[in-house]
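User: I would like to learn how to read ring pairs and pockets in a model. Please take them one at a time.

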Amino acid sequence: MGSSGYGNGAAENPFSVGTDPELSVQVRRELLDTLHARTNYDKADANQELDARDVHEDFRLHFGELGLAPDNLPDLLAGHLIVMWCIVHDATLPARDVATGLSSQFAAQIATSPMIADPARRQLMGEALLYEAVLSLEAYRLARDAGDRAKLRQMAESAQSALLNQRGVNLRRTRLTASGMTRA
C-alpha cells in the first residue's frame, strides 16, 4: 500500500498505475532511446540490463521504508522529486514523514487532472517516473560512493534544469518537509 492509504485494487485507488504490457514496452523503448541519445549507450546492452532486473522491486527496495509504492502515481511523483532534490542538494533520502507529505501533496495537486482519469496516461507517466527515480538514485549513489564530484555536479545541474523546465520547480530553492514541498 502506498502512502495514499488506498488498497491494491485499481477501483479503490484513482492513482493506480497499471501494468498493460504494450504500454510498458512503449515506456521501455522511449527510455532506451533517451539513454542512447544522451550517453550513446548501446540499446541492446541497456535492454539486457533492464531485463535482468525488476524495477518495481528496486523501487520498493529504495523507497519502501519511506512508505512509497511503485503502483501509485503520487508515490512515484514523490519518489522522483525526492531523488532529484537529493541530487541537487547532495543529500540522503529524507524521513518517511517527508515522503508521505510529498505524496499527499501530489495527490491533492493531480486529483482533478484529466490525465488521472486515463489509465493509459497514468501508466505511461508512472512507469517513466519509476525508471527515472530508480536509475537516477542508483547513478547518484554510485557517483557519491566513488567521490566523483564532477559527475555529482553534472547530475545536480541536469536535475535542476530538468525539473525547472518540466515542472517549473526550482529545486535549489525548495525544501522538503512533512507538509510537502515548500519554497526555501
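**Ring pairs and pockets**

Analyst: This is a predicted model, where local features need pLDDT of at least 70, side-chain atom pairs count only at pLDDT 80 or more, and totals for chains, interfaces and linings use all residues. Residues are numbered from 1 along each chain as its sequence is written, and side-chain values use heavy atoms, without hydrogens and water. Rings of Phe, Tyr and Trp (its six-membered ring) pair if their centres lie within 6.5 Å; planes under 30 degrees apart are stacked, over 60 edge-to-face, the rest tilted. The count here comes to one aromatic pair.

User: Which rings pair, and at what angle are their planes?

Analyst: The rings of Phe59 and Phe63 have centres 4.5 Å apart and planes at 35°, so the pair is tilted. Both residues are buried (under 20% relative accessible area; exposed is over 50%, partly exposed in between; 1.4 Å probe, protein chains only).

User: How much space lies in the largest pocket?

Analyst: Rolling a probe the size of a water molecule over the atoms shows where empty space is left. On a 1 Å grid over the protein atoms alone, a pocket is an open set of points where a 1.4 Å probe fits, with protein on both sides within 12 Å along at least five of seven lines; lining residues have an atom within 4 Å of a point. Volume is the space filled by probe spheres set on points joined across faces, edges and corners. The largest pocket holds about 1,300 Å³. Among its 34 lining residues, Leu35, Arg38, Glu132, Leu135 and Ser136 are the closest to the centre.

User: How much space lies in the second largest pocket?

Analyst: About 160 Å³. Its lining includes Arg28, Asp54 and Tyr131.
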